[in-house]
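I opened the model to go through its sheets, its helix packing and the surroundings of its ligand. My notes follow in the order in which I looked things up.

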Amino acid sequence: MIVFDNVTKIYHDTVYAIRDVCLHVDKGDLCFITGPSGAGKTTLLKLMFGLERPSRGSVSIFNRNLDGLNSSHIQDIRRHTGFVFQDFRLVDDWTVYNNAAIILEVLGKPSVYVRSRVWRMLKWVGLQHKVYERAKDLSGGERQRLALVRAIIHDPDILLADEPVGSLDEPMARYMMNVFFKLNKKGTTIIIASHREDPMMEYAKVFRMDCGSIVSTVTAP
Ligand SMILES: Nc1ncnc2c1ncn2[C@@H]1O[C@H](COP(=O)(O)OP(=O)(O)O)[C@@H](O)[C@H]1O
Ligand SMILES: [Mg+2]
């Protein structure tokens with residue numbers, strides 16, 4: 001589903017964020033990218049979302065090489081992929097409802113569908129009592145859950161999440177990881193970047209990174 005063939009990403013001609021990375025993510029996989037800060041985890045996720053292009057090597061998503069794609073093809077990939085950003089990227093002055101609904105509205109879904117889908121998803125993550133509050137008035141954990149809803153509301157095939165539990169306390173971190181686990185069981189391919197170890201790694205494919213390289217890949221038994 002995602003294939004990296006000898007991918008190198010260099011920023012400003014000198015910073016090697018990713019070095020000669022080869023990897024495969026198959027449909028239905030649950031993956032972790034782990035390693036210390038600066039290892040290249042976020043850059044790897046951005047390459048998977050077409051937010052960055054490789055300096056060398058090739059990235060294929062849904063069997064299409066990103067190299068030859070124009071912006072409408074990239075938009076097409078984005079329609080089938082969700083991204084939970086580390087800094088959430090919510091619109092602070094908008095309500096919870098509007099933050100959740102925007103992607104479905106952009107995709108032109110019927111308003112009756114949008115309403116019921118937004119309510120259902122917000123209820124699923126326990127935000128139904130916050131629907132009309134502004135995003136900026138939410139707690140850290142609530143913002144994280146809203147960012148997740150926004151990333152999955154269009155039912156993507158692939159979900160990319162950058163440090164999704166980094167700012168959460170332990171019970172909320174377990175809750176979020178459990179949500180990822182359930183989504184994966186329903187068939188979503190999931191790739192989580194996390195600098196800290198997580199018990200769920202035991203059930204996942206784990207790419208361990210250091211200094212831009214993948215130093216080990218462990219596949220769940
Ligand atoms: N936009 C950028 N411009 C310049 N250097 C960058 C940029 N993004 C990341 N880097 C550098 O690339 C390396 C990998 O960064 P990153 O992918 O954010 O790692 P991680 O997510 O594992 O902390 C770091 O040295 C970082 O400073
Ligand atoms: Mg990062």
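This is a predicted model: local features need pLDDT of at least 70, side-chain atom pairs count only at pLDDT 80 or more; totals for chains, interfaces and linings use all residues.

**Entry 1: the six-stranded sheet.** I checked β7 and β8 against that rule. Strand β7 (residues 158–162) and strand β8 (residues 189–194) run parallel and are joined by five bridges. Within this pair I found Leu-160 opposite Ile-191 in β8. I then traced the whole sheet, which is open, has six strands in the order β6-β7-β8-β3-β9-β10 and is mixed in its pairing. β6 (81–84) and β10 are at the edges with a single partner strand each, so one side of each has no neighbour in the sheet. On average, neighbouring strands here are turned by 15° against each other, direction ignored.

**Entry 2: the β9–β10 hairpin.** Strand β9 (residues 205–210) and strand β10 (residues 213–218) run antiparallel, with five bridges between them. Asp-210 faces Ser-213 in β10. Two residues lie between the strands of this hairpin, and Cys-211 has a positive phi near 50°.

Entry 3: α5 touches β6 and β7, and its direction makes about 165° with that of β6. Helix α6 (residues 170–185) lies across β3 (30–34), β7 and β8, at about 155° to β8.

**Entry 4: the four-stranded sheet.** I listed its strands as β2-β1-β4-β5, an open sheet with antiparallel pairing. β2 and β5 (64–65) are the edge strands; each has a single partner, so one side of each is left without a neighbour in the sheet. Strand β4 (residues 56–61) pairs with β5 over two bridges, in the antiparallel sense. In that pair I found Ser-60 opposite Asn-65 in β5. α1 lies across β1 (2–11), β2 and β4, and runs at about 120° to β1.

**Entry 5: ligand 1.** Which elements each supply at least two residues of the shell around ligand 1? I found β2 (15–25) and α1 (41–48). α1 gives the most, with three residues. The residues around the ligand include Tyr-11, His-12, Gly-35, Gly-40, Lys-41, Thr-42 and Thr-43. By class, I noted four nonpolar, seven polar and one charged in this shell.

**Entry 6: α3 with α4.** I compared the axes of helix α3 (residues 96–106) and helix α4 (residues 111–124): they come within 10 Å and cross at roughly 130°. The two helices are therefore oblique to each other, and their crossing is right-handed. Residues in the contact include Ala-100, Leu-104 and Glu-105 in α3, and Val-114, Arg-117 and Met-121 in α4. The contact has nine nonpolar, no polar and two charged residues.

**Entry 7: α3 with α5.** I then checked α3 against helix α5 (residues 140–152); the axes are 7 Å apart, at an angle of about 25°. α3 is therefore roughly parallel to α5. This crossing is right-handed. Val-96, Asn-99, Ala-100 and Ile-103 in α3 meet Leu-146, Val-149 and Arg-150 in α5. I counted the classes as five nonpolar, one polar and one charged. Val-96 and Ala-100 are also among the α3 residues that meet α4.

Notes. Residues are numbered from 1 along each chain as its sequence is written. Chains are lettered from A and ligands numbered from 1 in the order in which they are written. Axes are lines fitted to C-alpha atoms, for helices over the stretch in contact, and angles run from 0 to 180 degrees between N-to-C directions. Angles under 35 degrees count as roughly parallel, over 145 as roughly antiparallel, 65 to 115 as roughly perpendicular and the rest as oblique. A crossing is left-handed if the near helix is turned anticlockwise from the far one by less than a right angle, and right-handed if clockwise. Two residues are in contact if their C-beta atoms, placed from the backbone, lie within 7 Å. Ala, Val, Leu, Ile, Met, Phe, Trp, Tyr, Cys and Pro count as nonpolar, Asp, Glu, Lys and Arg as charged, and the others, Gly among them, as polar. Two strands pair if DSSP finds at least two bridges between them. A residue is near a molecule or strand if its C-beta atom, placed from the backbone, lies within 6 Å of it.
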